[in-house]
Amino acid sequence: MSHHIVEVKDLHYTYPDGTAALGGVGFRITHGESVALIGANGAGKSTLLLHLNGCLIPEAGTVRMGDFPLTKKTLPHVRQTVGMVFQDPDDQLFMPTVYDDVAFGPLNLGLPPDEIEDRVMEALATVGAAHLRNRPPYRLSGGEKRAVAIASVLSMGPSILIMDEPSSNLDPKARRQLIHLLKSFEHTMIIATHDLDMVLDVCGRTMILKGGHIAADGPTEEILQNEPLLHACSLEKPLRLQGCPVCNPVRA
Amino acid sequence: MPKIESSFLDISRLDALASQRTLIHGLDPRAKIVTTLIFIFIVVSFPKHEVTALVPFTLYPVVLIALANLPPGYLFQKVLLAAPFAFFVGIFNPLLDSEVLIHLGPVGISGGWVSFASIMLRFGLTVGAALVLVATTGMNGIGAGLEKLGAPNSFAVQLTFLYRYLFVLTDEAARMVRARSLRSFGIKGTEVKVFGYMIGHLLLRTMDRAQRIHQAMLCRGFTGELRLPVPLKFSWRDMGFLAGWSSLFILMRLVNIPQWMGLLVTEVLG
Ligand SMILES: Nc1ncnc2c1ncn2[C@@H]1O[C@H](COP(=O)(O)OP(=O)(O)OP(=O)(O)O)[C@@H](O)[C@H]1O
Ligand SMILES: [Mg+2]
């Protein structure tokens, strides 16, 4: 199933205002892998993700999703393969009701009405939001919005899921549910996040982005144990891997 | 500040109303659009001093409000919100046109006041009908309907987005006004300079946000075409709605019903 492969080569991107956000990023992700993209604020995580479905066009370098390089011609196909969950669910939910919102993608794919109905209800059921179907999205709580935003992407039947900080703004229970949900997916996943404890649970592989470059790429346990590396990238060991603060007070 | 926030919630209420399921909501958007356009066209076509003949036209919004289960108070409030515009259009008429037109006993009403009343009535009717259209069809339905009726795709899409954009704009404005008021410690009013900054900032923020929303739409396969969950189908019921109302409008245009009834009553009494 080579069409679930994500391959990025020597990607450069500078924003129109002159901010150099990416300076030569490259990696290869194979089918079914679940990869965490971590790094300090402003490291370029969101910018990188926006390249993976053609929201931004690389200045130099290539992006390959599956068998095709990402170009204008392959864009519609790539967007169907890649489901992108944005950092702010408010940016993603714009239709009058939850149902309409989740149906938006399938409608654009030109599917027949029954099929759309099935897909929408299935996606909503997967994220546990079927009871919200007739609510207006802007009146939902943060956790509900996130769930619906994920459903709105699942309904398109993507094989690759890309998420930007999916666990931000969630309460502990909603976060736990999200983690369960993500673990149940068989999609190839790329998750940009600051929630390193979630990374431990969900992702087998971790990439650290630092100043627009890949600073490290490897198995999650190894990378998240490597304190000097994390420190150099303005990160910290996940709380679960740190000692108990009561028994071993941390040196200041 | 609460004023802006609550007016935002009020706009979203139109959306909620539009997602109801009544007989009227189930009609094809095209039938409702064309009927509304004919209604507006005919109401506007009356001569400038006409008042009585306009009154029967209230039937259309009233019947639709009842059948579509819309809250009359809310719609009335929305009409009032836009009323100042009509008010300023019409308010100079009494000054310009002071010839007495109607004698009510000792009181003479000038042509200017009559045409002012006529303008306000027409305004209320047309805005009311347009609001009823939005509240029974939804902006997405209207966009798709217009497109099917042959309006240029770009026009239909723009219209739909303008409406969505309104949400984004009021949303951002509400947040900004709140942020300012939290740091201005009860000082009433806004300095002109600060106000200027706020407007500029608001525009940039909304543009950014609109761009992100557009990106998210593209990611879900949006190609510039408006699509509805259930494809539009023009049935006999839609035809009946359109034909029935249009002929009634034309009848009410040709025959001044209140006057005619008045004549009838005086004849019977006499
Ligand atoms: N629209 C933009 N215009 C100009 N510069 C931008 C824009 N968006 C981001 N940047 C800059 O690009 C760099 C990378 O930003 P990016 O949003 O990718 O970071 P991030 O890793 O997602 O950060 P965070 O963890 O805070 O979300 C930053 O220096 C940022 O200031
Ligand atoms: Mg980011």
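Reply: Contact here means heavy atoms within 4.5 Å, and by that rule 25 residues of chain A and 23 residues of chain B take part in the contact. This is a predicted model, in which local features need pLDDT of at least 70, side-chain atom pairs count only at pLDDT 80 or more, and totals for chains, interfaces and linings use all residues. Residues are numbered from 1 along each chain as its sequence is written, chains are lettered from A and ligands numbered from 1 in the order in which they are written, and side-chain values use heavy atoms, with hydrogens and water left out.

Me: What makes D91(A) and R212(B) a salt bridge?

Reply: A salt bridge requires a side-chain nitrogen of Lys or Arg within 4 Å of a carboxyl oxygen of Asp or Glu; the closest N and O atoms of D91(A) and R212(B) are 2.8 Å apart, so the pair meets the rule. Across the interface of chain B and chain A, three salt bridges are found.

Me: Why is W260(B) called partly exposed?

Reply: Buried means under 20% relative accessible area and exposed over 50%, with partly exposed in between (1.4 Å probe, protein chains only); W260(B) has 49%, and is therefore partly exposed. W260(B) lies in helix α11 of chain B, where helices are DSSP runs (H or I) of at least four residues and strands (E) of at least two, numbered from the N terminus.

Me: How do you know that β1(B) and β2(B) pair?

Reply: Strands pair if DSSP finds at least two bridges between them; four bridges join these antiparallel strands, so they qualify. L104(B) stands opposite V107(B) in β2(B).
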